[in-house]
Amino acid sequence: MTEWNYGDILDGVATVIPPQTPAYIHGDQLISWGEASARSNRLARALTARGAVPGDKIAFYMTNRSEYCELLAACFKGRFVHANVNYRYTADEVFYIFDNADAQTVVFGQEFRAQVDAIRPRLSKVKTFIEIGEGTDWAESFEALCAQGDGTPLGIKRSGSDMMFIYTGGTTGMPKGVMWTQHDLKMMSIIAASVLGPTPLTMEEMLVSMRQTGPGPASLIAPPLMHATGLISAIAAMLAGGTVITLEKPQYDAVELLDAVDRWRPQSLAIVGDPFARPIVEALDLEPKRWNMGSIARILSSGVMWSVEVKRALLRHMPQAVLADAFSSSEAMGLGTSLMTAAGETPTAKFMVTERTRVFDEHDQPVVPGSGVKGMVAVGPPVPTGYYKDAEKTARTFRMIDGVRYSIPGDWCVVEADGSMTLLGRGSACINTAGEKVFPEEVEEALKTHPGVMDALVIGLPDPKWGQSVNAVVTLNRGAIFDEAGMIAHVRQHLAAYKAPKRIVSGDVNLRAPNGKADYPAATDFAKRLLAGG
């Protein structure tokens, strides 16, 4: 079997893709494949010259930009390990990632210079600081390192066991570094891509195909590259010899996205469910003739719920597109898939299981389809090697069942009679009210079908009668009037009465992180403040 290595793939792709083909586009900046290959080779050599050795961790502290992809390529080629940093973190949280990852090099955007400088005296493990900007007396210039020196391939031997980390905040505790070998991550992506058509199984097959078909598709990556959905989508485009298009604003802007689609004509669009898709629909509904969406062949989403109503609305504006909804997480990719086109709908949160997917009850017994028994979703090999420096959490999440090592991150579902899964939610967020389990995502989706609700998060709060009570925080559609009683009644029409929120509050609150994922702590604090005052 081919041992896949991302550095080897990028070296190979550079030999068959025309050098003038765009590799990275960010605003008005366009870097060709020829430039990108030479720049990443120089950067890899510069990191090596500054003491980085294979296996050393390189911390990425920046917003979306072409330099993120260039640094990724340099890490893959030099056999260094990517470690992503959430740019919304406080200085102490950033220090935690640098320290936990044992970062040898920190590469940061100029706008984060003050944050890095504040914690620099504590970063005894970091040997090199590199700034995307002018540089300082203590940080070298990223651009200078990419522009000087030998731009030819490094000519080193690499391995399929070369690592990359994906730091994930998860739902509880401090962020953890999910450890993937490049071979396993590539095999996972081959399996995932097979639902859209035949996929080359060796690098030789891949290069032959590229020579025949030309460069890969242009992909507009809307989510932050610091999170798994954006990161994996960008890597997939790079390894396919395609073009990675990123947006300039650090906060998601649907109009900026649509302008970029109209200008650059990407074939693929990566988003994160309803939080990204709803604003696209709103903008297109307001000005349906402003943007040409005809280039979009597929929209890929992962990470949060993507409702059938919003998918339906998107397909009104781009009926040619395939909407691919992936049920995945950083430590459990490929749990399930859901495809929808203008020719046929798939219900919200319903995913077809893959050959790698199993559903187990609390006693590690397989759940019988159609039984109505709730179970935890598990995915078999390829899976990560574990969490970096956390043997206890590794043992809880990655478990052997009947001789197979599964990743079981804690997502609950019901297995329907046809073998598909209806997702309920993450067990760690489950609300226990009077002995009944309520999964927030299920109630959130019911709330979001109310005509006045733009977004919703459901939380459990301490209650002297129920143990925990079900509560919701909602944001409203433009022009909608908040109607708490009507929204509660709406949920009762769709779900059992005990699942309906006891209270619903609304106001000026941001319910989502930049990657589109739910910010439950912010919603909980907001609800507590309003309910305490009412």
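Ring pairs join Tyr 61, Tyr 87, Phe 98 and Phe 112 into a cluster, where rings of Phe, Tyr and Trp (its six-membered ring) are said to pair if their centres lie within 6.5 Å, with planes under 30 degrees apart counted as stacked, over 60 as edge-to-face and the rest as tilted. The model is a predicted one, in which local features need pLDDT of at least 70 and side-chain atom pairs count only at pLDDT 80 or more, while totals for chains, interfaces and linings use all residues. Residues are numbered from 1 along each chain as its sequence is written, and side-chain values use heavy atoms, with hydrogens and water left out.

**Aromatic rings**

In total, the structure holds 14 aromatic pairs.

Another pair is that of Phe 165 and Tyr 388, whose ring centres are 4.8 Å apart and whose planes stand at 45°, so the pair is tilted. Since Phe 165 lies in strand β8 (residues 163–168) and Tyr 388 in the loop between β19 (386–387) and α13 (391–397), this pair ties together parts that are 223 residues apart in sequence. Phe 165 and Tyr 388 are both buried.

Two charged residues also lie over ring faces, as the table shows; this requires NZ of Lys or CZ of Arg to be within 6 Å of the ring centre and within 35 degrees of the ring normal.

| Charged residue | Ring | Distance to the ring centre |
|---|---|---|
| Arg 122 | Phe 95 | 4.2 Å |
| Lys 186 | Trp 4 | 5.1 Å |

**Cysteines**

A disulfide is a covalent bond between the sulfur atoms of two cysteines. With a cut-off of 2.5 Å between the sulfur atoms, the structure holds zero disulfides. Cys 413 is in no disulfide, and the nearest cysteine sulfur, that of Cys 430, is 14 Å away; for Cys 430, the closest cysteine sulfur is in turn that of Cys 413, too far for a bond. Cys 413 is buried, with a relative accessible area of 0%, whereas Cys 430, at 21%, counts as partly exposed.

**Helix α1 and two buried residues**

Helix α1 (residues 6–16) is mostly covered, since eight of its 11 residues are buried, among them Tyr 6, Ile 9 and Leu 10.

Thr 475, in strand β27 (residues 467–476), counts as buried at 17% relative accessibility. Leaving aside neighbours within four places in sequence, Thr 475 is in contact (heavy atoms within 4.5 Å) with residues including Gly 452, Asp 455, Ser 506 and Leu 511.

Asn 515 is found in the loop between β28 (503–506) and α16 (520–533), and is buried, with a relative accessible area of 5%. Although Asn 515 and Val 272 are 243 residues apart in sequence, they are 6.8 Å apart in space, C-alpha to C-alpha. Leaving aside neighbours within four places in sequence, Asn 515 is in contact with Pro 224, His 227, Val 272 and Phe 276.

Terms used. Helix = DSSP H or I, 4+ residues; strand = E, 2+ residues; numbered from the N terminus. Buried < 20%, exposed > 50% of the residue type's maximum accessible area, 1.4 Å probe, protein only.
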